Amino acid sequence: MNNSVKKQNKFISYFGENVDVKREFIAGMTSFLAMAYIIAVNPSILSATGMDAGALVTATCLSAAFACILMGVYAKLPFGLAAGMGLNAFFAFSVVIGKGVSYETALTAVFVEGIIFILLSLFKVREAVVNSIPLNLKYAVTGGIGIFIAFIGFSGSGMVTSNKDTLVQLGNFFSPTVLITMLGIIIIAVLEKKKVKGSLLWGIVGATLVAWIYAYFNREAAAAMNIFLPNGIFKFESLAPIAGKIDFSFLGSAENILNFAIIVLTFLFVDFFDTIGTLVGVSSRANMLDKDGNIPNVGKALMVDAIGTTVGALMGTSTVTTFVESAAGVEEGGRTGLTAVVIGGFFLVAMFFSPIFVAIPSCATAPALIYVGYLMMGSILKIDFSEITEALPAFLIITLMPLTYSIGDGLTIGVLTYVALNIVNNIFGKEKKKISVAMLILAIVFLFKLAMPLIEQMIL
């Protein structure tokens, strides 16, 4: 008994001194529940390419579990990873269906992207990019991500819907999904006011139970709103149909090589800057930045992200990346790698009990995302709005992340504006501001990124 306690203590102490195991566990569970939608959504999207849907559930869970546990043990940071939204849609609809290539070729492109990222991480290129971003812009990224994930929650609940004339509009407030979301928000707010630990987790659980009760009594109406009761408890699918499908035979002609290179570059750009934005934003919210505004162990975190992408491609899924929903666990107090290990453990469990986790509706996770968005917005109070050369780029980052539905695009415009404003100011202004070489290079890369569609049209 004493030996087991000692071993447990030694394991816990690996993540740092005075680790609150209960808090880290609740944080990990909260992040997992906020991320669990990917277990259903990723297979739904990627199966459009002809990939086996059952095998995709296993690949999604197993690749996420591997990356999360590696993040916790190696980087010792509380971030969850899984197959990224947006990247999986690009994989399926733009690459496989749009360009008419096989899913094996697309997986090969993801694999190559991962290898490139590993090399960039080894030479600390990605780390240099993260550290070069000015502190005011890092605070802006946190605020922008806050609005972005709140917007994901609002749209997932049906509170905000599309409109062809005004782009977005208020949905039917009295629809069951919106009312369930509002109930979840109230549960979280009341528990937070009473300082009850695990308030976000209880908000998700409470909203899920209410949604399932509604589905029990109104099955057809609930199904129309994507609310379903679990269709079982235990289920496991073999990985065999999609694992190890890397295939370089597509690269048999110059045209195919060029096409393949453009696919890889697109994966690179989207994943690179979305990951940087997520790491910066969530770390800032968690007060994990050091005195120079840098993220501890960021090089290791980026390496994990790269390895996760490579291993995920071998397992048969699209790009694995750091999830913005990790902010939900951070708000519950997750500060160490133990949180990420817990997230990974839940993904392993979900691999065998997927019907339960697949049935958690978006209207039940929406309250946590909306509440976390509200908390992350507090970072904008730290921005110095008196200095326009930093305040204006910060404003563009905050507003464009949700409005473009892309962390990477918001960061792109913000950095380009920052560099352009400060170059002009240094030429014509009296007070000069030093622009780091890394930021100048980053601006050039961002310009190339924005020009990619035009370049692709001209070449192909």
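**Residue contacts and helix packing**

When neighbours within four places in sequence are set aside, S354 is in contact with I39, V57, I233 and K235, where contact means heavy atoms within 4.5 Å. The structure is a predicted model, in which local features need pLDDT of at least 70 and side-chain atom pairs count only at pLDDT 80 or more, whereas totals for chains, interfaces and linings use all residues. Residues are numbered from 1 along each chain as its sequence is written, and side-chain values use heavy atoms, with hydrogens and water left out.

S354 is placed in helix 16, which covers residues 354-358. Helices (H or I, at least four residues) and strands (E, at least two) are DSSP runs, numbered from the N terminus. With a relative accessible area of 7%, S354 is buried. Buried stands for under 20% relative accessible area, exposed for over 50%, and partly exposed for values in between (1.4 Å probe, protein chains only).

E331 belongs to helix 14, residues 326-331. Its relative accessibility is 17%, so E331 also counts as buried. Not counting residues up to four places away in sequence, E331 touches L200, R285, V372, L375 and M376. Along the chain, E331 and T30 are 301 residues apart, yet their C-alpha atoms are separated by 9.3 Å. L400 and F357 are 43 residues apart in sequence, and their C-alpha atoms are 32 Å apart in space.

Two helices were compared with their expected span, which is 1.5 Å times one less than the number of residues. Helix 8 (residues 135-157) has 23 residues and reaches 33 Å from its first C-alpha to its last, close to the expected 33 Å. After helix 8 comes G158, with a positive phi near 90°. Helix 12, with 32 residues, reaches 47 Å between its first and last C-alpha, close to the 46 Å expected. Of these 32 residues, 23 are buried, so helix 12 is largely enclosed by the rest of the structure. Helix 12 is followed by N287, whose phi is also positive, near 55°.

Helix 12 packs against helix 5 and helix 13. For such pairs, axes are lines fitted to C-alpha atoms, for helices over the stretch in contact, and angles run from 0 to 180 degrees between N-to-C directions. The axes of helix 5 (residues 87-99) and helix 12 come within 11 Å and cross at roughly 165°. Helix 5 is therefore roughly antiparallel to helix 12. Angles under 35 degrees count as roughly parallel, over 145 as roughly antiparallel, 65 to 115 as roughly perpendicular and the rest as oblique. The crossing of helix 5 and helix 12 is right-handed. A crossing is right-handed if the near helix is turned clockwise from the far one by less than a right angle, and left-handed if anticlockwise. On the side of helix 5 the contact involves L87, F90, F91, V95 and K99, and on the side of helix 12 it involves N259, I263, T266, F267, V270 and D271.

Helix 12 (residues 254-285) and helix 13 (residues 298-315) pack at an angle of about 140°, and their axes are 11 Å apart. These two helices are therefore oblique to each other. Their crossing is right-handed. D271, T275 and L279 of helix 12 meet V298, A301, L302, D305 and T309 of helix 13. An α-helix has 3.6 residues a turn, so residues three or four places apart point the same way.

Positive phi values were also found at two lysines. Phi of K76 is near 60°, a positive value in a residue other than glycine. K76 lies in the loop between helix 4 (53-75) and strand 1 (81-83), and its relative accessibility of 29% makes K76 partly exposed. K195 likewise has a phi near 60°, positive in a residue other than glycine. K195 sits in the loop between helix 9 (176-193) and helix 10 (199-217), and at 74% relative accessibility K195 counts as exposed.

A disulfide is a covalent bond between the sulfur atoms of two cysteines. A disulfide is taken here as a pair of cysteine sulfur atoms within 2.5 Å, and by this rule the count is zero. C61 is in no disulfide, and the nearest cysteine sulfur, that of C68, is 11 Å away, too far for a bond. C61 counts as buried at 0% relative accessibility, and C68 counts as buried at 0%.
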